Amino acid sequence: MEKKRLLMLVEIAIFASIGLVLDKLTFSMPQGGSVSFVMLPIILMGIRWGLTGGLTTGFLIGALQIAFGATIYHWAQGLLDYGVAFTVVGFAALIRKPLLNATKGAKRRIILWVTLGTILGGVLRYMAHTVAGAIFFAEYAGDQNPWIYSIIYNGTYMLPAIVLTAIAASLLFTSAPQLFKEA
């Protein structure tokens, strides 16, 4: 049991580091936000180890981004944009049980569950960025409603990031089914 826990912690550390690197390989938006594969390691760890693995990996990625020079204007904005936003991607682990059952079936079921988990984690991240944007970056909205502005602005990078991550995760899990097994 202790070896299993140690393995999980080692994998969390490795995949948090990979997530930080993937976040640097991005298409960045002019006022912040980027399209990257940063959610992929979080989703992988959530599916592999459950909520603990996913949430911890997401939290560490957010903490590492802060440590390596995140753009923070207010402590609460930093907490939402980095701490909360990346941690909640780990909730993709909620589809773990039905996904493990789907591994006995067709690849379409695997793709369906991986995509649903990615959408769940991605939408929760999108919501965190939207709240931070509406509250802390309202001045960029001009005469528009800051909530509508934040929903649209964050959607311009979050929706493509969710779609690309869902595709990459589906390809990864259908081509490497051994990832489903808790090591």
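**Before you start**

The model is predicted: local features need pLDDT of at least 70, side-chain atom pairs count only at pLDDT 80 or more, and totals for chains, interfaces and linings use all residues. Residues are numbered from 1 along each chain as its sequence is written, and side-chain values use heavy atoms, with hydrogens and water left out.

**Stop 1: the whole chain**

Show the cartoon. Trace the chain from the N terminus, and the order reads α-β-β-α-α-α-α-α-α.

Now turn to the C-alpha trace. Along its principal axes this trace spans about 55 × 35 × 25 Å. The radius of gyration is 16 Å, which agrees with the value near 16 Å for a compact globule of 183 residues. That radius is taken over C-alpha atoms, and the globule rule is 2.2 Å times the number of residues to the power 0.38.

Among contacts between residues at least 6 apart in sequence, 72% join residues at least 24 apart.

The chain exposes about 9400 Å², and carbon and sulfur atoms supply 71% of it. Accessible areas come from the Shrake-Rupley method with a 1.4 Å probe; for residues, only the protein chains shown count as cover. Colour by burial next: buried is under 20% relative accessible area, exposed is over 50%, and partly exposed lies in between (1.4 Å probe, protein chains only). Buried residues make up 46% of the 183 residues.

**Stop 2: the nonpolar core**

Select Met-39, Ile-47, Phe-86, Val-114 and Phe-173. Of the 35 residues in the largest nonpolar core, these five touch the most other members. Helices H2 (39-49), H4 (75-87), H5 (96-102), H6 (107-136) and H7 each give two or more residues to this core. H7 supplies the largest share, 9 residues. A core here is a set of buried Ala, Val, Leu, Ile, Met, Phe, Trp, Tyr and Cys residues joined through side-chain atoms within 4.5 Å.

**Stop 3: helix H2**

How many of its residues are buried? The count is 11 of the 11, so H2 is largely enclosed by the rest of the structure. The buried set includes Pro-41, Gly-46, Arg-48 and Trp-49.

Bring back the neighbours. The cover over H2 includes helix H1 (2-24), helix H3 (51-67), H4, H5, H6 and H7. Then step past the end of the helix. Gly-50 follows H2, and its phi is positive, near 90°.

**Stop 4: the salt bridge**

Select Arg-48 and Glu-11. They form a salt bridge, with the closest N and O atoms 2.8 Å apart. The pair links distant parts of the chain: Arg-48 lies in H2 and Glu-11 in H1, 37 residues apart. The rule asks for a side-chain nitrogen of Lys or Arg within 4 Å of a carboxyl oxygen of Asp or Glu. By that rule the count is 1 salt bridge.

Are these two partners buried or exposed? Arg-48 is buried, with a relative accessible area of 10%. Glu-11 is buried too, at 11%.

**Stop 5: Ala-85 and His-129**

Move to Ala-85 in H4. Its relative accessible area is 0%, so Ala-85 is buried. Leaving out residues up to four places away in sequence, Ala-85 touches Leu-80, Arg-125, Ala-128 and His-129.

His-129 counts as buried, at 5% relative accessibility. Beyond four places in sequence, its contacts are Asp-81, Ala-85, Ser-150, Asn-154, Tyr-157 and Met-158.

**Stop 6**

Select Phe-37, Val-163, Leu-164, Ile-167 and Leu-171. Together they make a nonpolar surface patch of about 440 Å². Patches are made of residues with over 30% relative accessible area and no salt bridge; like charges are joined within 9 Å, nonpolar side chains (Val, Leu, Ile, Met, Phe, Trp, Tyr) within 5 Å.

Pick out Leu-164, in helix H7 (residues 146-175). Leu-164 counts as partly exposed, at 38% relative accessibility.

Finish with a distance. Ala-63 sits in H3 and is partly exposed, at 32% relative accessibility. From Ala-63 to Ile-167 is 26 Å, C-alpha to C-alpha, and 104 residues in sequence.

Technical notes: Helix = DSSP H or I, 4+ residues; strand = E, 2+ residues; numbered from the N terminus. Contact = heavy atoms within 4.5 Å.
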